[in-house]
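Biologist: Please take one part of this chain and look at it closely. Which residues line its two sides, and what does it pair with?

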Amino acid sequence: MTHEYDDTNIFARILRGEIPNDTVAETDHTLAFNDITPQAPVHVLVIPKGKYVTYDDFHAKASDAEIVDFHRTCARICAERGIVADGYRAISNAGRNAVQEVPHFHQHLIGGRSLGRMLAPAG
Ligand code: 5GP
């Protein structure tokens, strides 16, 4: 996937305040909000406020402060939403093969039920 950022993507619009979101946590560098179509009782999306397209783009280009803040925020949400004891899944889809729908880097934090195996075998 190209790392050219599309300012019209839905998470860019959320960050600009053009469309509402159900905020879970916010820091100087990071915003977290509930997924509009939750796949489990807990389904939070965590995004950097900076313009990064994918997991690799963010971790290659973001400042140390942004990266630490992002991951500390993820950890805090896991604790606050009570998904640590029983387990959860942290997923980031990148590009075509992973069917990334929104081209602004995001991590899904999913828990609150048994999630099964991560991937079906390739067929
Ligand atoms: P991806 O497939 O890119 O990893 O996941 C994109 C996620 O964004 C999906 O789980 C989808 O439900 C969620 N999503 C798409 N549009 C919106 C929106 O407008 N608001 C919120 N909160 N989530 C959205």
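Modeller: Take strand 3. Both of its faces are covered. On one side sit V42, V44, V46 and P48, and on the other H43, L45 and I47, all of them buried. Buried means under 20% relative accessible area, exposed over 50%, and partly exposed in between, with a 1.4 Å probe and protein chains only. Seven of the seven residues of strand 3 are buried, so the strand is largely enclosed by the rest of the structure. Strands (E, at least two residues) and helices (H or I, at least four) are DSSP runs, numbered from the N terminus.

A word on the source. This is a predicted model, where local features need pLDDT of at least 70, side-chain atom pairs count only at pLDDT 80 or more, and totals for chains, interfaces and linings use all residues. Residues are numbered from 1 along each chain as its sequence is written, and side-chain values use heavy atoms, leaving out hydrogens and water.

Now the partners. Two strands pair if DSSP finds at least two bridges between them. Strand 2 and strand 3 run antiparallel, joined by five bridges. Here N34 has V44 of strand 3 as its bridge partner. Strand 3 also pairs with strand 5 in the antiparallel sense, over five bridges. There V44 stands opposite L109.

Next, helix 3. Its buried residues are E66, I67, D69, F70, T73, C74, I77 and C78. Strand 3 (42-48) is among the elements that cover them, and so are strand 2 (30-34) and strand 5 (107-111). Contact means heavy atoms within 4.5 Å.
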